[in-house]
Amino acid sequence: MTRRKAEKLRKMEEGLWIHVTGSRKNIRQTEFFPLVEVLLASEQVRALGLYRHHVHTTRYQHCLNVAYYNYRVCRMLHLDAVSAARAGLLHDLYHYETAEYTSSSMPHSSYHPLAALEAAEELITMNDRERDMIEKHMWPVTRHRPKYAESYVLTFVDKYCAVLEFLSRSHRVL
Ligand SMILES: [Fe+2]
Ligand SMILES: [Fe+2]
């Protein structure tokens with residue numbers, strides 16, 4: 001291992017370097033980071049690191065990935081990038097292994113956005129855009145169409161991140 005790589009790993013372990021899948025940037029040093037810093041430190045969000053998501057990663061890493069790329073795309077499109085970052089981080093805020101969901105009354109694709117919305121509302125006060133982004137993020141798998149442009153972006157970014165994570169072998173655990 002090169003000295004540079006060892007140094008990066010040390011910083012990651014100490015929380016001084018935070019990465020998103022598909023980027024080499026330290027997102028701690030970006031304008032995005034202060035928007036989610038408090039939420040990232042919350043017990044509810046940190047606990048997402050206990051759950052595997054999209055085979056090779058954790059739900060914490062997935063939510064961070066979606067938050068970052070959702071922010072970038074919404075900022076580029078002159079949309080509400082701050083709400084995009086916050087809702088992206090909380091869009092999968094549920095605390096159980098997906099494979100353990102067994103209810104027959106509702107498919108998991110419909111259930112978990114509602115569970116995430118409820119958990120997010122317990123954590124912070126949200127605006128309508130943030131609520132819509134979380135609730136509709138599984139569209140078009142689920143029926144109700146998003147109301148805001150930011151929500152359509154999140155549906156795309158969520159799927160993009162899922163592919164990126166599936167193809168990535170780096171397994172980030174808190
Ligand atoms: Fe989801
Ligand atoms: Fe997701």
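## Conventions

Angles under 35 degrees count as roughly parallel, those over 145 as roughly antiparallel, those from 65 to 115 as roughly perpendicular, and the rest as oblique. Axes are lines fitted to C-alpha atoms, for helices over the stretch in contact, and angles run from 0 to 180 degrees between N-to-C directions. Helices (H or I, at least four residues) are DSSP runs numbered from the N terminus.

The model is predicted: local features need pLDDT of at least 70, side-chain atom pairs count only at pLDDT 80 or more, and totals for chains, interfaces and linings use all residues. Residues are numbered from 1 along each chain as its sequence is written, and chains are lettered from A and ligands numbered from 1 in the order in which they are written.

## Packing of H4 on H8

The axes of helix H4 (residues 59-76) and H8 come within 9 Å, crossing at roughly 130 degrees. H4 and H8 are therefore oblique to each other. Their crossing is right-handed, the near helix being turned clockwise from the far one by less than a right angle.

From H4, the contact (C-beta atoms, placed from the backbone, within 7 Å) involves His62, Asn65, Val66, Tyr69, Asn70, Val73 and Cys74; from H8, Glu150, Val153, Leu154, Val157, Asp158, Tyr160, Cys161 and Glu165 take part. Nine of the residues in this contact are nonpolar, three polar and three charged. Here Ala, Val, Leu, Ile, Met, Phe, Trp, Tyr, Cys and Pro count as nonpolar, Asp, Glu, Lys and Arg as charged, and the others, Gly among them, as polar.

## Packing of H5 on H8

Helix H5 (residues 81-90) packs against helix H8 (residues 149-167) at an angle of about 45 degrees, and their axes are 11 Å apart. This makes H5 oblique to H8. The crossing of H5 and H8 is right-handed.

Ser83, Ala84, Ala87 and Gly88 of H5 meet Glu150, Val153 and Leu154 of H8. By class, the residues of this contact are four nonpolar, two polar and one charged.

## The buried face of H2

In helix H2 (residues 33-41), the buried residues are Leu35, Val36 and Leu39; a residue is buried if 20 or more other C-beta atoms lie within 10 Å of its own, exposed if 12 or fewer, and partly exposed in between. Seen down the axis of H2, these buried residues fall within an arc of 50 degrees, so they line one face of the helix. The arc is that of the directions from the helix axis to the C-beta atoms.

Pro34, Glu37, Val38 and Ala41 are exposed on the other side of H2. The cover over the buried residues of H2 includes helix H3 (43-46), H4 and H5.

Note on methods. Helices (H or I, at least four residues) and strands (E, at least two) are DSSP runs, numbered from the N terminus. Two residues are in contact if their C-beta atoms, placed from the backbone, lie within 7 Å.
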